[in-house]
Amino acid sequence: MEYYKDDKIVIRDLKADDAEVIAAGERAQGWNASADKYGIRLKDAAEGRAVAMAAEYEGRVVGYINVYMERLGGAFLEEGVPEIVDFGVLIKYRRHGIGTKLMDAAEEIARRYSDTVCLGVGLHQGYGSAQRMYVKRGYIPDGSGVWYGDKVCEPYSACRNDDDLVLYFSKKL
């Protein structure tokens, strides 16, 4: 299914063939990437738990985003709020509106299930552009503090600044 299309950008359902293309693009830019996570997203989509989308730019697969109808863990778990998970655009394709169109499509899907959507964003510098984008789009911290994995990182406790150190945000749709 297509969620958006113009002369350069297409937002559509993620396909099995996209997984290695995206992972190879991520590895080429120095990320530790594997196609395995996309297989999980495709399985969850096939089971009706999520919508997994890919972005094409001028015919190349360059980004992805997933919307889970219910949280898998962490903040908002008991509230039935949809969550945006694993959002990314390859670095050399950023600043072309691709991320905006992916987020627009994800928020529209989430709106079908709730008047609120949530997401977790990593705190290290690799997430800087995503952090800025979320704030510009109206996302606000949920107030629960920093999480490590699926648990609140208690004040003054040790944590590691890796992909599991996140702050949760929400947005009224």
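Predicted model: local features only at pLDDT ≥ 70, side-chain atom pairs only at ≥ 80, totals over all residues.
**Ground rules.** I number residues from 1 along each chain as its sequence is written, and I keep to heavy atoms for side-chain values, with hydrogens and water left out.

**Salt bridges.** I looked for a side-chain nitrogen of Lys or Arg within 4 Å of a carboxyl oxygen of Asp or Glu, which is what I call a salt bridge, and the count came to 14. I then looked up Asp86 and found a salt bridge with Arg41, where the closest N and O atoms are 2.4 Å apart. This pair links distant parts of the chain, with Asp86 in strand β5 (residues 83-89) and Arg41 in helix α2 (residues 36-46), 45 residues apart. For these element names I rely on DSSP runs numbered from the N terminus, a helix being H or I over at least four residues and a strand being E over at least two.

I also checked accessibility, calling a residue buried under 20% relative accessible area, exposed over 50% and partly exposed in between, with a 1.4 Å probe and protein chains only. Arg41 is buried at 13%, whereas Asp86 is partly exposed at 24%.

Next I turned to Glu47, which forms a salt bridge with Lys43 at 2.9 Å between the closest N and O atoms and another with Arg49 at 4.0 Å. Glu47 is partly exposed at 47% relative accessibility, Lys43 is partly exposed at 48%, and Arg49 is partly exposed at 36%. Salt bridges that share partners join Lys43, Asp44, Glu47 and Arg49 into one network.

**Strand β3.** I went through residues 50-57 and noted that 8 of the 8 residues of β3 are buried. Both faces are covered, with Ala50, Ala52, Ala54 and Glu56 buried on one side and Val51, Met53, Ala55 and Tyr57 buried on the other. I recall that in a regular strand the side chains alternate between the two faces of the sheet.

For pairing I require that DSSP finds at least two bridges between two strands. Strand β2 (residues 9-13) pairs with β3 in the antiparallel sense over 5 bridges, and Arg12 stands opposite Ala54. Strand β4 (residues 60-68) pairs with β3, also in the antiparallel sense, over 8 bridges, and there Asn66 is the bridge partner of Ala52. β3 and β4 form a hairpin with 2 residues between them, and in the turn Glu58 has a positive phi of about 50 degrees.

**Nonpolar cores.** I defined a core as a set of buried Ala, Val, Leu, Ile, Met, Phe, Trp, Tyr and Cys residues joined through side-chain atoms within 4.5 Å. The largest has 29 residues, and Met53, Ile84, Ile98, Met103 and Tyr139 have the most contacts inside it. Among the elements that give two or more residues to this core are β3, β5 and α3 (98-111), and α3 gives the most, with 7 residues. Apart from this core I found another, of 10 residues, including Ala23 and Tyr64.

I finally followed Tyr139, taking contact as heavy atoms within 4.5 Å. Leaving aside neighbours within four places in sequence, Tyr139 touches residues including Ile84, Met103, Leu119 and Phe169.
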